[in-house]
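I opened this notebook to record what I looked up, one element at a time. The structure comes before the entries.

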Amino acid sequence: NETITQHREEVLKGARKYIYPLQHSKHKIVIFSVIIMVLVTIGFLTYVILSLYRWQTTSDFMYQVTKVVPVPVARTGKTLVYYEDYLFELRHYIHYFEKQQQVDFSSEQGQAQLTEQRRKSLENVINYAYVKKIARQKGLRVTTKEVDNQINLLRDQNKLGSDNKVFENVLKDYWGWTIIDFRRSVEQGLLTSKVLQALDTTTQAKANKVLGEIRAGKDFATLAKKYSDDSTTKDRGGQLGFLVSKNDRNMPPQTVDALFNLKTGEVSDVINLGYGLEIIKNDGSQEGKLKASRIFFAYKDINHYLNDYKEQQRPQAFIKI
């Protein structure tokens, strides 16, 4: 037993001179790996901060980063406005002007236009942050069904292409958007409209009053001249002056939908256009198109209401444009 024990100890002793350095090397590798990871993380975060806050990069890579890392671009009271929202707003305008309008943003004029668009985009996302606050206070929300209905309305009038593939191509070519991006934009527009409608109760009351007078038998043209906020049609008694087709791209989809569901001489209910209210009348058909008259009631600019909220909770932007 003594001989076996001694022999085993001699063998182990010879192996220890290899084991101990190996264990020490593993310890060093772990330390070096942690140090490298920390340095890489610090370097990456430094690059992100410089790219977003100093260089204000709008690249696709940085946009994807902001989707993962919640980087703020502004603050409204205690609520942060995130950089991803700002880039979502800005990038689709840049895409449109570059691809559809052939704007050269490297030129002096293009740089000035880009600076102005940056300012507007930042203002828009800050305003929408206040809109969401007001919506929460008033219990307002947009459902998936409402978004679907709005998109289907556009699809039925062939304003977004004849099929899903064309629809996707239109969004990509014009705005650089996916269908999910478009749904997000529609939802934002619907929520803003609901908030504006809740705040501007006088315009809604005015439209309801005029509709009541029409239903009571008063002359549509006379009321249009008296009440309409559309300066291009009110002097003509609300007449549009052109024929409307079912696929008319120059008319709001809500208007076209309501108009083509009216018989000649009939008047619609109050239509919410998002930026105002409208009453439309079918004045007859011609060559498959319709003649129409309108009474338009403009909402007050939403900034009229948001300024009060901004006075209570002043916004603070983290980038300088």
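My entries follow, beginning with a sheet and ending with a pair of packed helices.

I am working from a predicted model. I looked up the strand order and found an open sheet of 3 strands, arranged β2-β1-β6 with antiparallel pairing. At the edges I noted β2 (79-82) and β6 (315-317), each of which pairs on one side only. Ignoring direction, I find neighbouring strands of this sheet turned against each other by 25° on average. For strand β1 (residues 72-76) I then checked the pairing with β6, which is antiparallel and runs over 3 bridges; within β1 and β6, I noted that R75 stands opposite Q316.

**Entry on the helices against the sheet.** I looked next for what packs on these strands, and found that helix α3 (residues 83-99) touches β1 and β2, its direction making about 40° with that of β2. Helix α4 (residues 108-138) lies across β1, β2 and β6, and I record its run at about 45° to β1.

**Entry on α5.** Helix α5 (residues 144-156) has 13 residues, and from its first C-alpha to its last it reaches 18 Å, close to the 18 Å expected at 1.5 Å a residue. Which residues of α5 are buried? I list V147, Q150, I151, L153 and L154. They cover an arc of only 150° around the axis, and therefore lie on the same side of α5. As a reminder to myself, an α-helix has 3.6 residues a turn, so residues three or four places apart point the same way. On the face of α5 turned away from its buried side I found the exposed residues T144, K145 and D156. I also looked up what covers the buried residues of α5, and the cover includes α6 (164-175), α7 (179-199) and α10.

**Entry on T255.** I stayed with helix α10 (residues 253-259), in which T255 has its place. Is T255 buried or exposed? Its relative accessible area is 1%, so I count T255 as buried, the cut-off being under 20%. Leaving aside residues up to four places away in sequence, I find T255 touching I271, L273, E278 and I280.

**Entry on α3 and α7.** Finally I looked up how α3 and α7 pack: the angle is about 100° and their axes are 12 Å apart. I therefore describe α3 and α7 as roughly perpendicular to each other. From α3 the contact is made by E84, D85 and F88, and from α7 by D181, R184, S185 and Q188.

Note on methods
Residues numbered from 1 in each chain as written. Predicted model: local features only at pLDDT ≥ 70, side-chain atom pairs only at ≥ 80, totals over all residues. Heavy atoms only, no water. Pairing = 2+ DSSP bridges. Helix = DSSP H or I, 4+ residues; strand = E, 2+ residues; numbered from the N terminus. Axes fitted to C-alpha atoms, helices over the stretch in contact; angles between N-to-C directions. Contact = heavy atoms within 4.5 Å. Buried < 20%, exposed > 50% of the residue type's maximum accessible area, 1.4 Å probe, protein only. Expected span 1.5 Å × (residues − 1). Arc of directions from axis to C-beta. Parallel < 35°, antiparallel > 145°, perpendicular 65-115°, else oblique.
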